[in-house]
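Student: I would like to go through the labels on this model and see what backs each one. Can we take them in turn?

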Amino acid sequence: MAIGNPFGLEQTLTRGVVSGVNRNLPESPMSLMLPLIQTDASIHQGNSGGPLLNRCGEVVGITSSILAEAQNIGFAIPINIAKQVIPELIERGRIIRPGSGQR
């Protein structure tokens, strides 16, 4: 299940199936280069960043993106990865990743 506020519609819950784990998105400017959870739960503008829950109500991921050219293929960052970066998000407001020296 994915919870969010798609298109300003508050307190929306959608359901779907986890279609795969450890998925890497095709390289794009927004590609996270992280292994993601693939789901067919509807993820739209406004509910990305919300929780992806299992049937026991446990947070298993944070919804993050969709494939625009495909219908109902969404992705979530696994919660174990999200937990690693939460302290940096709280402290700095963003995640700083090492790069190749380019800005």
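**Labels and their grounds**

Tutor: Start with the hairpin. This is a predicted model. β5 and β6 form a hairpin with five residues between them. In the turn, G57 has a positive phi of about 85 degrees.

Student: How do you know that β5 and β6 pair?

Tutor: Pairing needs at least two bridges. Strand β5 (residues 51–53) and strand β6 (residues 59–66) have three bridges, so they count as paired, in the antiparallel sense. P51, for instance, has I62 in β6 as its bridge partner.

Student: What joins β6 to β7?

Tutor: Five bridges, with the strands running antiparallel. Strand β7 covers residues 74–78. S65 stands opposite F75 in β7.

Student: What makes E88 and R92 a salt bridge?

Tutor: The cut-off is 4 Å between a side-chain nitrogen of Lys or Arg and a carboxyl oxygen of Asp or Glu. The closest N and O atoms of E88 and R92 are 3.4 Å apart, so the pair qualifies. The structure holds one salt bridge. E88 and R92 are four residues apart in helix α1, so about one helical turn separates them.

Student: Why is R92 called partly exposed?

Tutor: Partly exposed lies between the buried limit, under 20%, and the exposed limit, over 50%. R92 has a relative accessible area of 49%, so it is partly exposed.

Student: Why is I95 called partly exposed?

Tutor: Its relative accessibility is 32%, so I95 falls in that middle range too. I95 lies in the segment after α1 (79–92).

Student: Which residues form the nonpolar patch on the surface?

Tutor: I86, L89, I90 and I95, with about 350 Å² of accessible area together.

Notes
Residues numbered from 1 in each chain as written. Predicted model: local features only at pLDDT ≥ 70, side-chain atom pairs only at ≥ 80, totals over all residues. Heavy atoms only, no water. Patch = residues over 30% accessible without salt bridge, like charges linked within 9 Å, V, L, I, M, F, W, Y side chains within 5 Å. Areas by Shrake-Rupley, 256 points an atom, 1.4 Å probe, with all protein chains shown as cover. Helix = DSSP H or I, 4+ residues; strand = E, 2+ residues; numbered from the N terminus. Buried < 20%, exposed > 50% of the residue type's maximum accessible area, 1.4 Å probe, protein only.
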